Amino acid sequence: MDTPERTLAFRIDRPAPDRAEAAARREAAVARIRAETGIDEAMIDALVEGFYARVREDDLIGPIFAAHIDDWGPHLAQMKLFWSSVALATGVYQGRPMPKHLPLPIDARHFDHWLSLFEATAHELCPPIAAEHFIVRARRIAESLELGVANANNVMVGPGERYRRLEASWAPEAD
């Protein structure tokens, strides 16, 4: 039986780029983003430190973080690598944030609040173009995590819908 010809999405007869070529392309991309936004490791450090200082003091999301983070030093170091990868495309973060968020008791209001704190921190500590660069990516991250958390809780969120956890309804105490 003959297989009908079809268009391939990629060419398999082309050799994969070598590591040096890939590293050079990444380095060029990072340099371009740095030049366009002014973002560097010092700015990422200040943003992460400032944002998580607000988080730790926050009444809504602070307790969620406190319940899962005993030592803030390693967490902040990971978040700096994460934001370097997200904002500058450095590739230095190799973690998997989704599995860490799935079991948390969070929903749209937590993500909205997280974004509010993040946006305020970015606007306060970063030049406008850099703040916008961070914020656009933070919004995408929040949306992705919210969808993942909804899915993990067996909720299918449609276009334009948000995930809201069901509040436990009040019931009188049993004697």
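1. Two residues are in contact when heavy atoms of theirs lie within 4.5 Å. By that criterion, and not counting residues up to four places away in sequence, Val48 touches Leu76, Met79, Lys80 and Trp83. The model under review is a predicted one. Val48 itself belongs to helix H2. Its relative accessible area is 2%, and because buried means under 20%, Val48 is buried. The C-alpha atoms of Val48 and Leu76 are separated by 6.9 Å, although the two residues stand 28 residues apart along the chain.

2. Two packed helices are described by the angle between their axes and the distance between the axes. For H2 and H4, the angle is about 130° and the axes are 9 Å apart. The two helices are therefore oblique to each other. The crossing in which H2 passes H4 is right-handed. On the H2 side the contact is made by Glu41, Ile44, Asp45, Val48, Glu49, Tyr52 and Arg56, and on the H4 side by Trp72, His75, Leu76, Met79, Lys80, Trp83, Ser84 and Leu88.

3. Helix H4 deserves a description of its own. It has 17 residues, and from its first C-alpha to its last H4 reaches 23 Å, close to the 24 Å expected at 1.5 Å a residue. Asp71 caps the N-terminal end of H4, with a side-chain oxygen lying 3.2 Å from the backbone nitrogen of Gly73. The buried residues of H4 are Trp72, His75, Leu76, Met79, Phe82, Trp83, Ser84, Ser85, Ala87 and Leu88. These buried residues pack against H1 (19–37), H2, H3, H5 (97–101), H6 and H7.

4. Ser84 is one of the buried residues of H4. Is Ser84 buried or exposed by its relative accessibility? At 5% relative accessibility, Ser84 counts as buried, because the cut-off for buried is under 20%. Leaving out residues up to four places away in sequence, Ser84 touches Glu41, Ile44, Ala89, Thr90 and Val92. Glu41 and Ile44 are also among the H2 residues that make the contact with H4.

5. H4 also packs against H7, and this pairing may be read beside the one in point 2. The axes of H4 and H7 come within 10 Å and cross at roughly 105°. That angle makes H4 roughly perpendicular to H7. Phe82, Trp83, Val86 and Ala87 of H4 make this contact with His133, Phe134, Arg137, Ala138 and Ile141 of H7. Trp83 is also listed among the H4 residues that meet H2.

6. Most residues other than glycine have a negative phi. Ala89 lies in the loop between H4 and H5 and is partly exposed, with a relative accessible area of 30%. Asn154 likewise is not a glycine, yet has a positive phi of about 60°. Asn154 lies in the segment after H7. At 73% relative accessibility, Asn154 counts as exposed, because exposed means over 50%.

7. Helix H6 (residues 108–125) has 18 residues. From its first C-alpha to its last, H6 reaches 25 Å, close to the 26 Å expected at 1.5 Å a residue. At the start of H6, a side-chain oxygen of Asp107 reaches to within 3.1 Å of the backbone nitrogen of Arg109. Within H6, the residues Ala108, His110, Phe111, Trp114, Leu115, Leu117, Phe118, Glu119, Thr121 and Ala122 are buried. The buried residues of H6 pack against H2 (41–57), H3 (62–68), H4 (72–88) and H7 (128–152).

8. The last point concerns Glu146, which has its place in helix H7. With a relative accessible area of 7%, Glu146 is buried. Which residue's side chain makes a polar contact with the side chain of Glu146? That residue is Arg162, and the polar contact is at 2.6 Å. Leaving aside its neighbours within four places in sequence, Glu146 is in contact with Ala108, Phe111, Arg162 and Tyr163. Ala108 and Phe111 are among the buried residues of H6.

Definitions and conventions:
Residues are numbered from 1 along each chain as its sequence is written. This is a predicted model: local features need pLDDT of at least 70, side-chain atom pairs count only at pLDDT 80 or more; totals for chains, interfaces and linings use all residues. Side-chain values use heavy atoms; hydrogens and water are left out. Helices (H or I, at least four residues) and strands (E, at least two) are DSSP runs, numbered from the N terminus. The expected span of a helix is 1.5 Å times one less than its number of residues. Buried means under 20% relative accessible area, exposed over 50%, partly exposed in between (1.4 Å probe, protein chains only). A polar contact is a pair of N or O atoms within 3.5 Å; within protein, one must be able to donate a hydrogen and the other to accept it, and residues adjacent in sequence count only if both atoms are side-chain atoms. Axes are lines fitted to C-alpha atoms, for helices over the stretch in contact, and angles run from 0 to 180 degrees between N-to-C directions. Angles under 35 degrees count as roughly parallel, over 145 as roughly antiparallel, 65 to 115 as roughly perpendicular and the rest as oblique. A crossing is left-handed if the near helix is turned anticlockwise from the far one by less than a right angle, and right-handed if clockwise.
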